[in-house]
Amino acid sequence: MKLAIVTACPNGKVSSVLSARLLEAAALRQGWETSVEIIDPNKSDQQLSAQDIEAADLVLVVNTGPVDLSRFVGKRLFQDSPAHALQDVDGFLQRAEREAQVHAASEAVTPQATDSSGAQPRIVAITACPTGVAHTFMAAEAIQQAAKRLNYDLQVETQGSVGARNPLSAKAIAEADVVLLAADIEVNTDRFAGKKIYRCGTGIALKQSEATLKKALAEGQVESDEAAAQSPARQEKAGVYKHLLTGVSFMLPMVVAGGLLIALSFVFGITAFKEQGTLAAALMQIGGEAAFKII
């Protein structure tokens, strides 16, 4: 079995990489050959070649962001979210093999027709947390998945530690029915003058994503300058809470790196790491012991 894996989570790069690597490791354990593409708007050096697609017996697309499926016409394809993929990667692969269907040309253009429909509620959102790492991107991914389930047209800008990603265009803001600010810190709202705005914290957006989108449409209001200044969502949380969030955010890269190394050690067999002096043992030691002990 030759498997082509495509992941695309524009506001949750960790989910993209983690999904791709864990699925690749699970496929290798089953003796499958794999080729992987992690879609990143800023990079184009890791794309499936025409030969990879032609040789693939199954194409697995794990995404919350847009993916051009037209190149997979005629191939057996299975598509789902990273949340489902990460719950049980081995079971996910088995389900993909069972339920994959041949991708038809008409299906490839369906998403574009849906996006251009004026019947969809249009929402633009900004997510931001004090450290701009963990909650910012997790909240963005949560509301993106909720919007997909609700068939809402949603665009999200993340204001993280590396600056704004996927910035909202003037056209998107003008066409939006409401602006959702899922933020724990101050967000400049000058560009949203005259638009309905709904505010909440990143925690609420993360845990109650569907309800948050529905409330934004139902309860969003045009804010006066005075009301915006008094909004509790604009006050940055300080003290112990902020320090805890900062610690969690800085630990995440270590957790992800350690988890990836542990997953890679399983490629050689579930218990291969027990044999001292092997690559599997080294990967397990670095990921399972060193990385997590540092935390």
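**Salt bridges, burial and confidence**

A search of the whole structure finds ten salt bridges, a salt bridge being a side-chain nitrogen of Lys or Arg within 4 Å of a carboxyl oxygen of Asp or Glu. This is a predicted model, in which local features need pLDDT of at least 70 and side-chain atom pairs count only at pLDDT 80 or more, while totals for chains, interfaces and linings use all residues. Residues are numbered from 1 along each chain as its sequence is written, and side-chain values use heavy atoms, with hydrogens and water left out.

Among these pairings, the side chains of Asp-90 and Arg-29 meet at 3.1 Å, N to O. The pair links distant parts of the chain, 61 residues apart, with Asp-90 in helix H4 and Arg-29 in helix H1 (residues 13-29); helices (H or I, at least four residues) and strands (E, at least two) are DSSP runs, numbered from the N terminus. Asp-90 counts as partly exposed at 27% relative accessibility, and Arg-29 is likewise partly exposed, at 30%, where buried means under 20% relative accessible area, exposed over 50%, and partly exposed in between (1.4 Å probe, protein chains only).

Another salt bridge joins the side chains of Glu-37 and Arg-71 at 2.8 Å, N to O. Because Glu-37 lies in strand S2 (residues 33-38) and Arg-71 in the loop between strand S3 (58-63) and strand S4 (76-80), the pair ties together parts that are 34 residues apart in sequence. Glu-37 is buried, with a relative accessible area of 3%, whereas Arg-71 is partly exposed, with 29%.

Strand S2 also holds Ser-35, which counts as buried at 14% relative accessibility. Leaving aside its neighbours within four places in sequence, Ser-35 is in contact (heavy atoms within 4.5 Å) with Leu-3, Ala-4, Ile-5, Leu-48 and Asp-52.

Glu-210 is partly exposed, with a relative accessible area of 27%.

An α-helix has 3.6 residues a turn, so residues three or four places apart point the same way.

As for cysteines, Cys-129 counts as buried at 3% relative accessibility, and Cys-200 counts as buried at 8%. A search of the whole structure finds zero disulfides, a disulfide being a pair of cysteine sulfur atoms within 2.5 Å.

Finally, the mean pLDDT of the chain is 81, and 80% of its residues reach 70 or more, pLDDT being the predictor's confidence in each residue, from 0 to 100. Over residues 107-118 the pLDDT is below 50, and this stretch has eleven contacts in the model beyond near neighbours in sequence. Over residues 232-237 the pLDDT is also below 50, with 20 contacts counted in the model beyond near neighbours in sequence. Where pLDDT is low, the predicted coordinates should not be read in detail.
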